Amino acid sequence: MTDIKLTSFAAGGGCACKIPPGELESAVAGLVGTADPNVLVGLDDGDDAAAVRIPNGLAVISTADFFTPMINDPYDWGRVAAANALSDVYAMGGTPITAINLVGWPREKLGLDVLREVLRGGMDVASEAGISITGGHSITAPEPTYGLAATGIVHPDKIMRNDAAEAGLPITLTKPIGVGILNNKHKATGEVSQAAVDSMTTLNRDAAAAAVAAGVRAATDVTGFGLLGHLYKMCRASGIGAELDFSAVPAVDGAMEALAEGFIPGGSRRNLDWVRPHLDSDLSEEDLVFLADAQTSGGLLVIGEVPGYPVIGRTVTGEARITIR
């Protein structure tokens with residue numbers, strides 16, 4: 001397995017292979033479905049998952065997330081993909097209860113022994129989350145793809161969502177950013193960043209529990225659209241603005257050095273291009289790319305203070321713009 005270069009089988013990798021945010025919004029514009037009064041969170045504001053009211057005073061959370069490999073080790077890729085998919089449940093304030101595998105596999109190019117390692121990684125993270133993987137679906141595909149469809153539960157009064165942010169509150173980030181840059185370097189050079197792997201495979205369970213306990217009503221996870229993209233989406237959905245303190249934004253060890261060496265994912269540049277019209281900043285282009293870096297299995301972006309995690313800015317009244325100092 002150590003000789004396999006999974007990243008060579010895919011044009012993109014991780015959440016950086018997402019369809020760019022502007023293009024995706026154009027594709028889904030107006031597709032809101034039927035008006036079901038039990039849908040508490042649906043398609044309207046691009047939230048992390050759907051939340052639907054069910055009997056016994058609960059809501060079920062439903063989400064799916066999958067992507068092509070961003071690292072070469074099959075087992076670690078499976079771990080990252082599973083942690084990333086479960087993050088959508090945690091970002092809504094929920095508790096995962098089960099998940100199923102989603103697999104696309106170029107079986108004539110990659111053996112099923114490699115796939116088994118990917119699935120083992122996903123299962124180990126699911127076990128860490130206290131749930132079972134209870135099935136799945138697979139197809140033959142030109143690029144290797146793996147992820148989960150995850151189901152969770154939450155009390156309707158505890159849901160954290162994109163459109164519930166209020167002005168005048170701290171902005172908390174629960175993981176450092178920069179894994180997209182380090183993954184880009186890994187694909188180009190083969191150099192493994194253990195700091196990036198450790199960050200991507202850490203569940204957002206504890207951070208979500210701390211946020212819910214602190215009474216937070218608005219949160220999302222930072223993934224393919226980068227810190228700036230996800231913050232802008234929250235501001236737009238909630239009708240507020242935000243101020244960021246660049247010096248307070250934590251970086252994964254080695255990320256700034258890799259950025260200076262020129263390892264910038266294309267997805268990060270697309271993110272910056274999309275959000276740039278909504279920014280006020282004198283930062284360098286390099287620093288802005290860092291803030292727009294396409295994360296995979298990133299942390300929670302929380303509107304409110306969460307004990308034990310860094311505050312990186314504050315929400316403000318006004319239009320959906322981000323001022324960076």
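## Helix packing and aromatic pairs in a predicted model

The axes of H7 and H9 cross at roughly 35 degrees and come within 8 Å of each other. Axes here are lines fitted to C-alpha atoms, for helices over the stretch in contact, with angles running from 0 to 180 degrees between N-to-C directions. Helices (H or I, at least four residues) and strands (E, at least two) are DSSP runs, numbered from the N terminus. This is a predicted model, in which local features need pLDDT of at least 70 and side-chain atom pairs count only at pLDDT 80 or more, while totals for chains, interfaces and linings use all residues. Residues are numbered from 1 along each chain as its sequence is written, and side-chain values use heavy atoms, with hydrogens and water left out.

On the H7 side, the contact (heavy atoms within 4.5 Å) is made by Gly226, Leu228, Gly229, Tyr232, Lys233 and Arg236. H9 contributes Asn271, Leu272, Trp274 and Val275.

Now to a second pair of helices. H2 packs against helix H3 (residues 112-128) at an angle of about 40 degrees, and their axes are 7 Å apart. That angle makes H2 oblique to H3; angles under 35 degrees count as roughly parallel, over 145 as roughly antiparallel, 65 to 115 as roughly perpendicular and the rest as oblique. This crossing of H2 and H3 is right-handed. Among the residues in the contact are Trp77, Gly78, Ala82 and Leu86 of H2, together with Val114, Gly121, Gly122 and Val125 of H3.

How many aromatic pairs does a search of the whole structure find? The search finds five. Rings of Phe, Tyr and Trp (its six-membered ring) pair if their centres lie within 6.5 Å, and planes under 30 degrees apart count as stacked, over 60 as edge-to-face and the rest as tilted. Two of these pairs are set out here.

| Pair | Centre to centre | Angle between planes | Type |
|---|---|---|---|
| Trp77 and Tyr146 | 6.4 Å | 80 degrees | edge-to-face |
| Phe225 and Trp274 | 6.4 Å | 50 degrees | tilted |

Trp77 in helix H2 and Tyr146 in strand E6 (residues 145-154) are 69 residues apart, so their pair links distant parts of the chain. Both Trp77 and Tyr146 are buried, where buried means under 20% relative accessible area, exposed over 50% and partly exposed in between (1.4 Å probe, protein chains only). Ring pairs also join Trp77, Trp105 and Tyr146 into a cluster. The other tabulated pair likewise links distant parts of the chain: Phe225 sits in the loop between strand E8 (218-221) and helix H7 (226-238), and Trp274 lies in helix H9 (residues 266-275), 49 residues away. Phe225 and Trp274 are both buried.

Helix H4 (residues 179-189) holds Asn184, which counts as partly exposed at 25% relative accessibility. Which residues does Asn184 contact, leaving aside its neighbours within four places in sequence? They are Phe263, Ile264 and Pro265. Asn184 and Pro265 are 81 residues apart in sequence, with their C-alpha atoms 5.9 Å apart in space. Elsewhere in H4, the buried residues include Val179, Ile181, Leu182 and His186. The buried residues of H4 pack against helix H5 (194-200), helix H8 (255-260) and H10. Just after H4, Gly190 takes a positive phi of about 85 degrees.

Asn56 has a positive phi, near 70 degrees, and is found in the loop between strand E2 (50-54) and strand E3 (58-67). Ser297 has a positive phi near 55 degrees and lies in the loop between helix H10 (285-291) and strand E11 (300-303). Asn56 is exposed, with a relative accessible area of 79%, whereas Ser297 is buried at 2%.

Finally, the record. UniProt, in an unreviewed entry, places the feature "binding site" at Asp48, Asp88 and Asp221; its positions are given in the numbering used here, feature names are shortened, and annotations may be inferred rather than shown by experiment. Asp88 is found in helix H2 (residues 74-91) and counts as buried at 6% relative accessibility. The unreviewed UniProt entry also places "domain: PurM-like C-terminal" at residues 167-260. Over residues 167-260 the chain is 49% helix and 13% strand, with the end C-alpha atoms 35 Å apart.

Terms used:
A crossing is left-handed if the near helix is turned anticlockwise from the far one by less than a right angle, and right-handed if clockwise.
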